[in-house]
Amino acid sequence: MCSLAVDERLSQLTQIQRERLAYVDLKANFCGELTRADIERRFGVKPAASSRDLATYREIAPANLAYEPSLRKHVPTEQFCSVFTHSAERVLAWLRDGIGDGVDLSLKLPVPCDRAGDLVSPDLDTLATLTRAIAGKRLCRVEYISLTSGRTTRVLAPTALADTGQRWHLRAFDRKNKRFSDFVLTRIVKAQPLAEVSEEGERIGADAQWARIVRVELGPHPGLVHPEAIEFDYGMKSGMLALDMRAPLVGYALRRWAVDCSPKASLDPKQHLLRLLNVATLYGVESASLAP
């Protein structure tokens with residue numbers, strides 16, 4: 001949050017008003033643009049209400065937004081400072097599912113419920129730079145640390161975010177290697193937005209792997225004494241569970257679920273409770289190299 005004065009001003013608003021301003025803050029920062037219609041669609045309010053929300057936001061943070069008449073949109077300025085404290089987890093949940101864009105109400109849970117915490121979270125300023133580039137189809141210059149090449153500088157055309165279940169990846173066209181690749185978000189140590197717009201062949205529509213939907217058929221490992229337990233675990237029908245997913249995510253999913261992808265299911269059933277029934281589906285899937 002920018003200052004204690006801002007915090008005090010927000011405390012004078014109703015919870016509903018804070019929810020709408022939190023959306024303004026989030027949408028502008030991570031999508032790089034905002035219109036009155038965005039607020040109206042999201043909250044079902046009239047134009048007069050959305051105008052008041054924008055006026056209130058500009059009163060609280062006058063240096064955050066600039067209006068672009070040619071676009072008829074509000075865009076974040078270089079001096080943008082988020083009015084609300086957004087956690088990486090909430091922002092990524094909003095980007096992925098379209099929910100969680102309001103203020104954390106800190107409601108008491110009806111029953112005890114918790115989850116294992118994430119080991120890492122991406123830097124929000126870096127994430128905002130990348131998501132704006134995705135929304136605006138623009139390039140970024142990033143410093144990236146890989147396990148094989150160490151620290152390098154690359155020019156990327158970001159196209160999408162992907163949740164592997166263990167960490168978040170950026171899908172982007174890499175001008176250095178002239179191909180679409182996955183980049184671990186937390187290994188991007190610096191991201192600088194560029195004014196240049198990406199070319200058609202660098203956009204998501206040209207990413208054949210991203211466009212390919214792979215049908216994955218899973219079953220209990222044949223080495224299990226009681227395979228019916230696994231069938232109940234995963235709600236299998238006739239000993240099989242079918243899933244459709246994008247090709248770049250297939251390898252990560254099979255590794256996360258420890259699926260035996262060997263042709264004859266020869267891996268240890270104590271370590272691999274599931275097997276891939278249709279191994280041939282991995283043909284031409286670049287991420288398949290990650291699968292057990």
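The legends below describe close-up views of a predicted model.

**Figure 1. Overview of the chain.** The chain contains nine helices and eleven strands. Its C-alpha trace spans about 65 × 50 × 35 Å along the principal axes. Of its 292 residues, 43% count as buried. Among the contacts in the chain with a separation of 6 or more, 60% are accounted for by residues 24 or more positions apart.

Figure 2. A pair of aromatic rings is described by the distance of the centres and the angle of the planes. Three aromatic pairs are found when the whole structure is searched. In one of them, the ring centres of Tyr-23 and Phe-43 lie 5.7 Å apart and the planes stand at 85 degrees, so this pair is edge-to-face. Because Tyr-23 belongs to helix α2 (residues 15–31) and Phe-43 to helix α3 (residues 36–43), the pair ties together parts that are 20 residues apart in sequence. Tyr-23 is buried, with a relative accessible area of 7%, whereas Phe-43 is partly exposed, with a relative accessible area of 25%. The face of Phe-43 also has Arg-42 lying over it, at 4.7 Å from the ring centre.

**Figure 3. An aromatic pair between strands β3 and β6.** The rings of Tyr-144 and Phe-183 are likewise one of the pairs, with a distance of 5.1 Å between their centres and an angle of 85 degrees between their planes, so they too are edge-to-face. Tyr-144 is found in strand β3 (residues 138–146) and Phe-183 in strand β6 (residues 179–184), so the pair ties together parts that are 39 residues apart in sequence. Both Tyr-144 and Phe-183 are buried.

Figure 4. Five strands, in the order β6-β5-β4-β3-β7, make up an open sheet with antiparallel pairing. Strands β6 and β7 (188–197) stand at the edges and have a single partner strand each, so one side of each is left without a neighbour in the sheet. From one strand to the next, the twist averages 45 degrees. Within the sheet, β3 and β4 are joined in the antiparallel sense by seven bridges. Ile-145 has Arg-151, in β4, as its bridge partner. Helix α6 packs on the sheet and touches β3, β4, β5 and β7. The direction of α6 makes about 65 degrees with that of β4.

**Figure 5. The buried residues of helix α5.** Helix α5 comprises residues 88–97, and its buried residues are Ala-88, Val-91, Leu-92, Ala-93 and Trp-94. An α-helix has 3.6 residues a turn, so residues three or four places apart point the same way. The elements that cover the buried residues of α5 include α2, α6 (124–136), β4 (150–163) and β5 (168–174). Just after α5, Gly-98 adopts a positive phi of about 75 degrees.

**Figure 6. Cysteines without disulfides.** A disulfide is a covalent bond between the sulfur atoms of two cysteines. This structure holds zero disulfides. For Cys-31, the closest cysteine sulfur is that of Cys-140, and the 14 Å between the two sulfurs is too far for a bond. Cys-31 counts as buried because its relative accessibility is 19%, and the cut-off for buried is under 20%. Cys-261 also counts as buried, at 9% relative accessibility.

Key
Residues are numbered from 1 along each chain as its sequence is written. This is a predicted model: local features need pLDDT of at least 70, side-chain atom pairs count only at pLDDT 80 or more; totals for chains, interfaces and linings use all residues. Side-chain values use heavy atoms; hydrogens and water are left out. Rings of Phe, Tyr and Trp (its six-membered ring) pair if their centres lie within 6.5 Å; planes under 30 degrees apart count as stacked, over 60 as edge-to-face and the rest as tilted. Helices (H or I, at least four residues) and strands (E, at least two) are DSSP runs, numbered from the N terminus. Buried means under 20% relative accessible area, exposed over 50%, partly exposed in between (1.4 Å probe, protein chains only). A charge sits over a ring if NZ of Lys or CZ of Arg is within 6 Å of the ring centre and within 35 degrees of the ring normal. Contact means heavy atoms within 4.5 Å. A disulfide is a pair of cysteine sulfur atoms within 2.5 Å. Two strands pair if DSSP finds at least two bridges between them. Axes are lines fitted to C-alpha atoms, for helices over the stretch in contact, and angles run from 0 to 180 degrees between N-to-C directions.
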